[in-house]
Amino acid sequence: MEKLKIGGLKQSLELCQFDLRGLDSSEEIASKVSKLLLAQKINMEFLTFYPQRNNYHQLTFCISQDKFSATSEILRKEGSLPIGWEINSSEQAGIITIFPHQSAIMILGVIMSSWAAQSIPIYGIATSLSAISFVTDYKLLDKATKVIQDLFQMPEDHAPLKPEIRYQQSDIVKED
Amino acid sequence: METIAVYWEPRIKTYGFQRIPDLALIEFSCPLSNIKSLGEIFSQDHLEIFRPKFIIAQESAHKISFIFCLPNKEGKDFHATLKKTSSSTTEKYIYPVGIIFFHGPHFGDRYGIADATFSTLSKAGIKIIASGCSSASVFLVLAQHDIDKAEEVLSETFEVAK
């Protein structure tokens with residue numbers, strides 16, 4: 001059977017994940033948490049937010065692994081989150097981003113079923129205009145990548161899977 | 001590994017705002033133990049006709065919840081397809097919603113983008129129905145009637161690169 005074509009895939013560096021859940025509150029949680037992290041210059045590399053689930057809000061985000069302790073401390077500090085909000089976290093997470101040409105549902109389905117068969121978890125998914133990102137266990141990133149490489153046809157001149165350059169936000173203001 | 005610093009912009013530059021109006025949002029969930037069978041359903045050829053404009057999934061309480069946004073006609077058909085399966089439970093169908101999305105240089109690597117987005121919408125009193133940020137993109141699902149206002153206020157916060 002002909003393999004489904006994809007444009008490529010990319011692995012993230014080592015990340016960690018936080019899931020914040022709680023009841024509807026007068027505070028805008030996405031705004032509040034992003035402000036707390038901004039104050040510590042912490043970037044959210046992946047984020048999903050859904051405040052509609054039976055009045056339960058869920059904000060899930062991934063940040064660089066070396067910011068795990070600092071972020072845990074910020075979020076657990078009294079007053080950071082509305083009363084009753086629950087914090088779950090994974091110290092290690094990684095993202096595989098796939099650049100499909102089309103057929104997002106097919107790609108999603110194939111990955112969900114084949115990763116499940118190999119006991120590779122999915123902790124989160126988000127799409128952009130041309131890509132699908134899957135959050136999984138960082139330790140299983142290479143295994144998860146191998147499953148994808150076996151299932152899909154990738155371009156022969158594919159770029160490296162692992163990032164070779166790290167971009168960081170500088171404090172220096174760029175004037176036009 | 002080489003590290004490259006990106007300058008802090010007094011006003012964050014974006015490549016521009018794009019909209020997708022008149023969509024239906026479908027929320028459905030499945031137990032983590034059923035994820036393989038739901039994946040097999042999604043892999044079927046006849047589902048290729050569905051082209052979701054937005055997908056996010058979140059895990060909680062041994063379940064994975066999906067939020068799909070599709071054009072309304074596709075949304076109804078997709079909803080009907082889901083109802084025939086035993087692997088998932090449809091939780092919500094919201095219509096009409098719209099998406100506003102934008103991306104910018106190294107958005108995925110820079111702090112401050114999420115805060116600029118969410119604080120701007122919060123100050124304008126615009127409620128977010130769903131959001132997904134990955135790679136260098138920010139996707140916001142809003143009530144259809146909030147899209148104009150959202151673009152207006154976000155355009156004041158972000159600078160559209162010429």
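This is a predicted model: local features need pLDDT of at least 70, side-chain atom pairs count only at pLDDT 80 or more; totals for chains, interfaces and linings use all residues.
How many residues of domain 1 of chain B are in contact with residues of domain 2 of chain B? In the domain assignment, domain 1 of chain B covers 13–20 + 97–160, and domain 2 covers 23–95. Across the boundary, 9 residues of domain 1 of chain B are in contact with 9 residues of domain 2 of chain B. On the domain 1 side, two or more residues come from each of β6 (89–103), β7 (128–134) and β8 (137–143) of chain B. By class, this side of domain 1 of chain B has 7 nonpolar and 2 polar residues, and no charged ones. The C-alpha centres of the two domains of chain B lie 24 Å apart.

In chain A, 9 residues of domain 1 are in contact with 9 residues of domain 2. The elements giving two or more residues to the domain 1 side are β5 (86–100), β6 (124–127) and β7 (132–136) of chain A. That side of domain 1 of chain A consists of 6 nonpolar and 3 polar residues, with no charged residue.

The next step is to consider how the two chains meet. Between them, 55 residues of chain B are in contact with 57 residues of chain A. Several elements of chain B each supply at least two residues of its side, among them β1 (2–8), α1 (35–42), β5 (63–71) and α3 (113–123). The side of chain B that touches chain A divides into 28 nonpolar, 16 polar and 11 charged residues. Strand pairing also links the chains: β6(A) and β4(B) pair in the antiparallel sense over 3 bridges. Within β4(B), B:Ala57 is the bridge partner of A:Ile125.

Finally, the interior may be examined. In soluble globular proteins, nonpolar side chains tend to be buried together. The largest nonpolar core in this model has 91 residues, and the members touching the most others are A:Cys62, B:Leu25, B:Cys69, B:Leu140 and B:Val141. Helix α3 (residues 104–117) of chain A contributes the most to this core, with 9 residues. B:Leu25 illustrates such contacts: leaving aside residues up to four places away in sequence, B:Leu25 touches B:Ile67, B:Cys69, B:Ile94, B:Val97, B:Ile129, B:Ala130 and B:Val141.

How values were computed: Residues are numbered from 1 along each chain as its sequence is written. Chains are lettered from A and ligands numbered from 1 in the order in which they are written. A nonpolar core is a set of buried Ala, Val, Leu, Ile, Met, Phe, Trp, Tyr and Cys residues joined through C-beta atoms within 7 Å. A residue is buried if 20 or more other C-beta atoms lie within 10 Å of its own, exposed if 12 or fewer, and partly exposed in between; C-beta atoms are placed from the backbone. Helices (H or I, at least four residues) and strands (E, at least two) are DSSP runs, numbered from the N terminus. Two residues are in contact if their C-beta atoms, placed from the backbone, lie within 7 Å. Ala, Val, Leu, Ile, Met, Phe, Trp, Tyr, Cys and Pro count as nonpolar, Asp, Glu, Lys and Arg as charged, and the others, Gly among them, as polar. Domain bounds come from an automatic or database domain assignment. Two strands pair if DSSP finds at least two bridges between them.
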